[in-house]
Amino acid sequence: MIPSVNATGTRTIGLLYYLYGPGREEEHIDPHLVASFDGISPDPGRADDFDATLKELQLLLDQPVQALPAHARPAQPVWHTSVRAAPGDRILTDDEWGDIARRVVAATGIDPGDGEPGCRWAAVRHADDHIHIVATLVCEDGSRPDDFRSGTRAQAECRLIERELGLTLVNAGDGTAAPRPTSAERHKADRLGRERTPREELRETVRRAVAGATSESEFFDRLGSSGLLVRRRVAPSGDLLGYKVALPDDRNKDDEPVFYPGSKLAPDLSLPRIRERWSATTQQAQGTDDPAAGGPRPTGTAPARRNAATAAWQAVLVIDHGDDGVVAAHIAAAGEVLDALAKTSAAHTRRELRQAALAFERASRSHIRAERGHDRALRQAARDLVYSGPALGRGEDGATTAMLIDMVFFLVTAAAHWHGKKNHAQQAAAARQAAEHLRAAYRTAAQQPMTALHQRGRHLSLPVQRRQAAALRRALPELAEQILAEPGWQALAATLADVEATGHEPAALLTEAAHRRELDTADAVSDVLVWRLRRMADLPADASTLPIPTGPTWSGPRTPSPTDGRKEQRRTAR
């Protein structure tokens, strides 16, 4: 159940006409009263003379305000909130909605009850899934109500109502969520056959335009290239103050485009908040030799994905141990990486990656202010993904995509853990939802490259396979038997053989790969170790064209195997 306390207004009659009218898109159905301050207020929806009854209700609500001298009346006396059931909840009765309205006005201080003076109010229902409550902010005794933080108090009461009525338990909000589409916007989208409202489509498009952008000109160029209509708000001095965007085919009744300011799409999409991303990055980049600050960038989709995987892995370590402001910046930049990955993904992973990016959008903001600039590597990774172009979904492109999805999964999971520790309920839930979509995307992306690695593992000679199993047991004695029983063990054995062939000691690198972060969130530990090892050893992600390793090339010390003595005896006998 989702309460939404709106800004106060000035005209009770205007709000009542809207609530009892047909709505902007004819979405209001059977408007009628379900509760009021006295229980006997006139209901225009059930009266023969609609206009007269609506005026009577308005005068009744406004009476305490009008009883005050003109100079003592509040400038904006009209309080308005909506209370909406969550998608999937059962349809509530009028009596249930009436009881909900009474509890909300009591909890918010509008009409506290128990003999305390309260305001006059009325609750109107014009749809199955929500009601509107209208009140005037002067109590019967002429005092002002104690409605401080009424939105937070309404949220808390709705959590109790959900449990009592067996409704969906909605995570408590913190005021940082993107604005939800209005009923009129949803009705219009349904009528026009759109899967999503224009507000939602615009939010996704603007987020993709922001991903990795480093200047205003680049940002606005991307918006224009995406096909949006863009209006810039310019001060008399010529300074750019803000922007609005619209879909070309989203028109109002006058056949004019419907524009949305960036701040109405999401709090972090206003122009000042977007500027924070690139201004901090530019300042941090000055005077440094860090490759993320400039210089040659990877060419091609596979190098961009490999670099992004490295940046994601480093970000996991920051989230585990960094200061709050730095962590918040990395989580926000992780959203840019997801947006860029979804934008450039191949067709077979596009749907799940898009859903992951849409879900993680809610996790990318909290009340903890991001300290921008520390997220430079992730933002550069997002930029490289955008400019490297779409991935083919096969060969090294496809394999590095699987590698990147695997790393981003752990990044998103780390973000979920961090939000959970901070009691950011909605953000933690959104990150967990994004992780599930990433799991699904990974299974699709990894099928071909893991099959190729599995086939390589099956063709390894028996001594090589035994040597890699011994290295696994030395490095990870607690997990070795589990990993050896997994379907992905053959792929890991092939990777360990490749690691050995490049001159690394398999057990040492395996220990480092496993101990840098826990593996208990992985579906298959062997898969996770494959991609960590191939990234750390700079091995090709796609192993289908590599020769089969036949023997060790690493010449350093090795812990003796229990069978080494018997092997030496056989060689001597021969």
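This is a predicted model: local features need pLDDT of at least 70, side-chain atom pairs count only at pLDDT 80 or more; totals for chains, interfaces and linings use all residues.
The largest nonpolar core takes in 90 residues, and the ones touching the most other members are Phe360, Val412, Leu438, Leu529 and Trp531. Helix H14, which runs over residues 395-421, gives the most to this core, with 15 residues. Looking at Phe360 on its own, and leaving aside residues up to four places away in sequence, its contacts include Ile331, Leu338, Val412 and a handful of alanines, among them Ala334, Ala415 and Ala430. There is also a second, separate core of 25 residues; Val83, Trp97, Cys139 and Cys158 are among its members.

What about those two cysteines? A search of the whole structure turns up zero disulfides. For Cys139, the nearest cysteine sulfur belongs to Cys119 and sits 4.0 Å away, while a disulfide needs the two sulfur atoms within 2.5 Å. Cys158 has Cys119 as its closest partner too, but at 18 Å between the sulfurs, which is too far for a bond. Both cysteines are tucked away from the surface: Cys139 is buried at 2% relative accessibility, and Cys158 is buried at 0%.

Arg84 lies in strand E3, which spans residues 78-84. Is this arginine buried or exposed? With a relative accessible area of 11%, Arg84 is buried, because anything under 20% counts as such. Its side chain makes a polar contact with the side chain of His130, at 3.3 Å. Beyond residues up to four places away in sequence, Arg84 also touches Met1, Ile2, Asp129, Arg180, Ser183 and Arg186, along with Trp97, a member of the second core.

Methods: Residues are numbered from 1 along each chain as its sequence is written. Side-chain values use heavy atoms; hydrogens and water are left out. Helices (H or I, at least four residues) and strands (E, at least two) are DSSP runs, numbered from the N terminus. Buried means under 20% relative accessible area, exposed over 50%, partly exposed in between (1.4 Å probe, protein chains only). A polar contact is a pair of N or O atoms within 3.5 Å; within protein, one must be able to donate a hydrogen and the other to accept it, and residues adjacent in sequence count only if both atoms are side-chain atoms. Contact means heavy atoms within 4.5 Å. A nonpolar core is a set of buried Ala, Val, Leu, Ile, Met, Phe, Trp, Tyr and Cys residues joined through side-chain atoms within 4.5 Å.
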